[in-house]
Amino acid sequence: MKCIVTGGNVKALGKAIHSLARVGDEIYVEPLQEGLSMRTVSASRSAYASFLFAPLFFQNYQPTESGYDPDSEAFRCKVHMKSFLAVFRSLPSLEKTVEKCLLSLNPHASRFRVQLHCKYGVVKTHDLPFQECESLQADFDTSQCAHALRAPPRLLADAVVHFPLALAEVTLVASPAGKVSLRSYLEGDTEVTRTMVTELGLNEDEFQTFHIKQEAQITFCLKEFRGLLSFAESSNLSLNIYFDTPGRPAIFTLDDAVLQVHLVLATLEEPESCSSQMTSCTPKPLAPAYDFTGDDIDDYMIAMETTCGGPAGTEPLPSPTFPMGPTSSEAQEPDSDHEGTVPGTPPQKRVRIKGLPQTNYRHEVKNVALPICCFVVLLGTCKMI
Amino acid sequence: MRFRGKLVDVACLNHFTRVVNTITKLAKTCTLRFTVDKIYFILNDKVANGGVSMWCELNQENFFDEFQMEGVAAEDNEIYLELTSENFSRALKTAQNAKAVKVKLTNKQCPCLTVAVELPSLSSSSRIVTHDIPVGIIPRKLWNDFREPSVPDFDVSIYLPVMKTMKSVVDRMKNLSNSIVIEANQKGEMNLKIETDLVSVATHFKDLGNPPWVPEHASQNSTEKRHPETMAEARIDIKRLLQLLAGQQVNPAKALCNILNKRIVHFILLHEDFSLQYFIPALT
């Protein structure tokens, strides 16, 4: 495989690597006839990302060696994300200095070579060690998702910026009435009395496509989503979001003439009771919009007496300093290892892959349910330089 | 107990954000006190904080367009809340180009200070972001813990040099020592010194001026008795001082410091609509 990337596409390639790096530790490179594919999957198999750069993306694209049997399968490999990312580490300097980037994969030479041709004739050559591997493919189908949204990247980027960087997951609630809201998701064990909850409402008319059949709510990881958003923003591509019931994967796609991007994220599976528990955390998911306009003083009245000991302190309300409701005891319950979820227990922190026998990624993943993906990942023989 | 305030003017909002950011740099958690015409941010003297305390007071009408509050009772028309200051500044950070910001006390899962931000959007209706900051309601019997600290009977009172200059000096000294000696006299001279086994560094400031204090304190007698050139000094934790110098974003109209020899250093940052006092105890 040999390909040459020039001009602004070098930066796009760099950005793509950065956003892949948010997902997994290894990057699967596969030169196909329809373009160069770069994919990755998170260690816990809860996120999968794929970038397909069409031949037109490149100034020159040769998926196979000349004289190589065209019928044989293309050679594919995986490279350590860290070493690949190091090549494209600084995007501003990439943009300023690099004129041409040459990627070549020669199975006989046992190296994946990335050459950056910079200004003043400087050539930086990186030889990356790789492992031969099978194709990585997540099994997903956007047409099976009940709900779809399409939005300009700016809208979503402006929306997630309001959430703290430390926040792991966000809940997206969409209703057929034309409201979409994003809300910080608090894990079962977080202290409600310490953590700030942020919620943001968006209107139907800010979206380019709005297909919501019924009230839907999914919870997914922000980190990977932020990575994709920053790519979408830099290349100014509208983002499609396909999703279904909680627990089913959410699929984020970007489409362009020379580029196809997919990000598949696990969404949190919520047993009935948990979703009700969650809604009880923030009783009115779409309330703030009304809250804001409603200036009635009763709206923000806080019915609490703080005097201790006085005759006024006889109100039967719980002590305001420790306002944890009955849910707190549930939240502190140790994780259940049983398959069947007892109503009221926090979401299972264990990840299951359908199609694979009871793989337990318990220690690798935090609070993620699994997409219905079947990964066929078989490692070939290790081939290092 | 009710509280609701609305900020509309961008300049007021930015100013308020800068005040809250400054507080966040100084105190991880603080006490927020609302009275009919003022808002206070209070950090009281706790040994765990190194004995540092803070008192910041603002006139609500200089910031808020609307301000309604109802205290615990008619005779105690005040509200005392405890909150993580970082949450507050984070919530205000997202309100940079807001059309309006409402701050109100709500009762969600727990008592919350809700910051509702109205942002401009491309569509006809504006975008609303709400941040629910959990707060603790401080009961009346504990209110006494949050009294305004009395101004100590200081030996010397002096205007500070430009805070930026002072910051860059102290910033460099920080690498050499953990404590710094501040000394000043009534002739407008102030020295910042560090002394270690290996090195002694001193920076001298002069012609700073001494604020004229109305002789209401008994201290005045003692200062008058002092020779104006006699230095009063205190050795304090350099990190605490730097916290104030680096953390302040308010660019005060006046900044001064009072030194009680070997006991405490009291900083006062004054602005037309707000004041911040910061007390750093001397190390023994």
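In what order do the 9 strands of the open sheet in chain B follow one another? In this predicted model, the order is S10-S6-S2-S3-S4-S18-S17-S16-S11, and the pairing is antiparallel. Strand S10 (136-137) and strand S11 (156-159) of chain B stand at the edges. Each of these two has a single partner strand, so one side of each is left without a neighbour in the sheet.

Within this sheet, strand S3 (residues 38-43) and strand S4 (residues 53-59) of chain B run antiparallel and are joined by 6 bridges. One of the residues involved is B:Leu43, whose bridge partner in S4(B) is B:Met54. Helix H2 (residues 85-93) of chain B packs on the sheet, where it touches strand S2 (29-34), S3 and strand S6 (79-84) of chain B. The direction of helix H2 makes about 85° with that of S6(B). Helix H5 (residues 238-247) of chain B also packs on the sheet, in contact with strand S17 (264-271) and strand S18 (274-281) of chain B. For helix H5 of chain B, the angle with the direction of S18(B) is about 170°.

On the chain B side, strand S1 (residues 2-7) and strand S7 (residues 100-107) pair in the antiparallel sense over 4 bridges. In this pairing, B:Arg4 stands opposite B:Lys104 in S7(B).

Strand S1 (residues 2-6) of chain A runs antiparallel to strand S7 (residues 98-106) of chain A, with 5 bridges between them. A:Thr6 stands opposite A:Lys100 in S7(A). S1(A) is also joined by 3 bridges to strand S5 (residues 60-62) of chain A, and these two strands run antiparallel. In S5(A), A:Asn60 is the bridge partner of A:Ile4.

Overall, the secondary structure of chain B comprises 5 helices and 18 strands. The C-alpha atoms of chain B fill a box of roughly 65 × 45 × 30 Å along the principal axes. Of the 284 residues in chain B, 58% are buried. The accessible surface of chain B comes to about 12,400 Å², and carbon and sulfur atoms account for 47% of this area. Among contacts in chain B between residues at least 6 apart in sequence, 64% join residues at least 24 apart.

The largest nonpolar core has 168 residues. The residues with the most contacts inside this core are A:Phe84, A:Phe112, B:Phe41, B:Phe88 and B:Leu113. Helix H1 (residues 10-26) of chain B supplies the largest share of the core, 7 residues. Beyond its neighbours within four places in sequence, B:Phe88 is in contact with B:Phe16, B:Val20, B:Leu32, B:Phe41, B:Leu83, B:Leu113, B:Val115 and B:Ile133. A second, separate core has 9 residues, including A:Val41, A:Tyr48, A:Ala138 and A:Ile251.

B:Ser85 lies in helix H2 of chain B. B:Ser85 has a relative accessible area of 2% and is therefore buried, the limit being under 20%. Residues up to four places away in sequence aside, B:Ser85 touches B:Val20, B:Ile23, B:Thr24, B:Ala27, B:Lys28, B:Thr29 and B:Cys30.

Helix H4 (residues 153-160) of chain A is largely enclosed by the rest of the structure, because 6 of its 8 residues are buried. The buried residues of H4(A) are A:Pro153, A:Leu155, A:Leu156, A:Ala157, A:Ala159 and A:Val160. Their cover includes strand S11 (147-151), strand S13 (179-184), strand S14 (197-203), H5 and strand S17 (239-243) of chain A, together with strand S9 (127-134) of chain B.

Methods: Residues numbered from 1 in each chain as written. Chains lettered and ligands numbered in written order. Predicted model: local features only at pLDDT ≥ 70, side-chain atom pairs only at ≥ 80, totals over all residues. Heavy atoms only, no water. Pairing = 2+ DSSP bridges. Contact = heavy atoms within 4.5 Å. Axes fitted to C-alpha atoms, helices over the stretch in contact; angles between N-to-C directions. Buried < 20%, exposed > 50% of the residue type's maximum accessible area, 1.4 Å probe, protein only. Areas by Shrake-Rupley, 256 points an atom, 1.4 Å probe, with all protein chains shown as cover. Core = buried A, V, L, I, M, F, W, Y, C linked by side-chain atoms within 4.5 Å.
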